[in-house]
Amino acid sequence: MVEVTIIRHGQANTGARDEKSYDKLSDLGHQQARWLGEVLREQKPFDHLIAGGMRRQQETAQGLALPDLDMQIDPRLNELNYFGLAESMKQRNGVEIPDDLASFVAHVPQLLTRWQAGDMCDHLETYEDFRTRCLDAVRDAAQGHNRPVLVSSTGVIATLTAEALGLDMMMKTKVFLKVMNTSVHRFIWENDSLHLAQYGAVPHLDVPGREHARTYG
């Protein structure tokens, strides 16, 4: 039995319209990571640190400043290609890419449902391939370690949560939309099976005066 902790990256460039522009932490995102690191350093130490291949994930892992851990990079922890999927849905189904929060909230369920059904351009990663790589990343992180910590993104965390709890796509969408920046999620990997132990903890933000830092972007 291995406890695998997965942290979502800090706030990124939320006004971006493409992946390259989005993929960097804001000043607040860096601060969120530093605050979380202060809390984690007071807890039982981790024995392995893995981040996805994206800049915002690696910046978050570095900001945690966890002692005696070298960061390993695993691209399987990368986020789903939201901008590519959104462009595909626009081309194939005429669904406009959202430009505000309300339209984004309405857009995500359509995107995930169509992606799962295979209704996306052929050059994009399939939903099943994404799901498989998320599970494989956790499985491999659990091999040879007792307490690994991973830094990833919303889609990966929502997919693993849905897998652990047996959620359908509608419920997974609700999870997807409520993964807070630098939130902490704990899974138990046991007998080649995933179990959820903790979802969405933000002890570093449950402090008076930090209400503004509870973000989702």
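Reply: Just after helix 3, Ala-65 takes a positive phi of about 50°. Helices (H or I, at least four residues) and strands (E, at least two) are DSSP runs, numbered from the N terminus. This is a predicted model, in which local features need pLDDT of at least 70 and side-chain atom pairs count only at pLDDT 80 or more, while totals for chains, interfaces and linings use all residues. Residues are numbered from 1 along each chain as its sequence is written, and side-chain values use heavy atoms, with hydrogens and water left out.

Me: Which residues of helix 3 are buried, and against what do they pack?

Reply: In helix 3 (residues 55–64), the buried residues are Arg-56, Gln-57, Glu-59, Thr-60, Ala-61 and Leu-64. Buried means under 20% relative accessible area, exposed over 50%, and partly exposed in between (1.4 Å probe, protein chains only). The elements against which these buried residues pack include strand 1 (2–8), helix 2 (27–40) and strand 4 (148–152); contact here means heavy atoms within 4.5 Å.

Me: What makes Tyr-82 and Phe-83 an aromatic pair, and of which kind?

Reply: Rings of Phe, Tyr and Trp (its six-membered ring) pair if their centres lie within 6.5 Å; planes under 30 degrees apart count as stacked, over 60 as edge-to-face and the rest as tilted. The search of the whole structure finds 5 aromatic pairs. For Tyr-82 and Phe-83 the values are 5.6 Å centre to centre and 75° between the planes, and the pair is edge-to-face. Both residues are buried.

Me: Why is the pair of Trp-115 and Tyr-127 called edge-to-face?

Reply: The ring centres of Trp-115 and Tyr-127 are 5.3 Å apart and their planes stand at 90°, so the pair is edge-to-face. Because Trp-115 lies in helix 5 (residues 101–116) and Tyr-127 in helix 6 (residues 127–142), the pair ties together parts that are 12 residues apart in sequence.

Me: How do you know whether Trp-115 is buried or exposed?

Reply: Its relative accessible area is 4%, so Trp-115 is buried. Tyr-127, with 11%, is therefore buried as well.

Me: What makes Arg-210 a charge over the ring of Trp-35?

Reply: A charge sits over a ring if NZ of Lys or CZ of Arg is within 6 Å of the ring centre and within 35 degrees of the ring normal. Arg-210 lies over the face of Trp-35, at 4.0 Å from the ring centre. Arg-147 lies over the face of Phe-46, at 4.6 Å from the ring centre.
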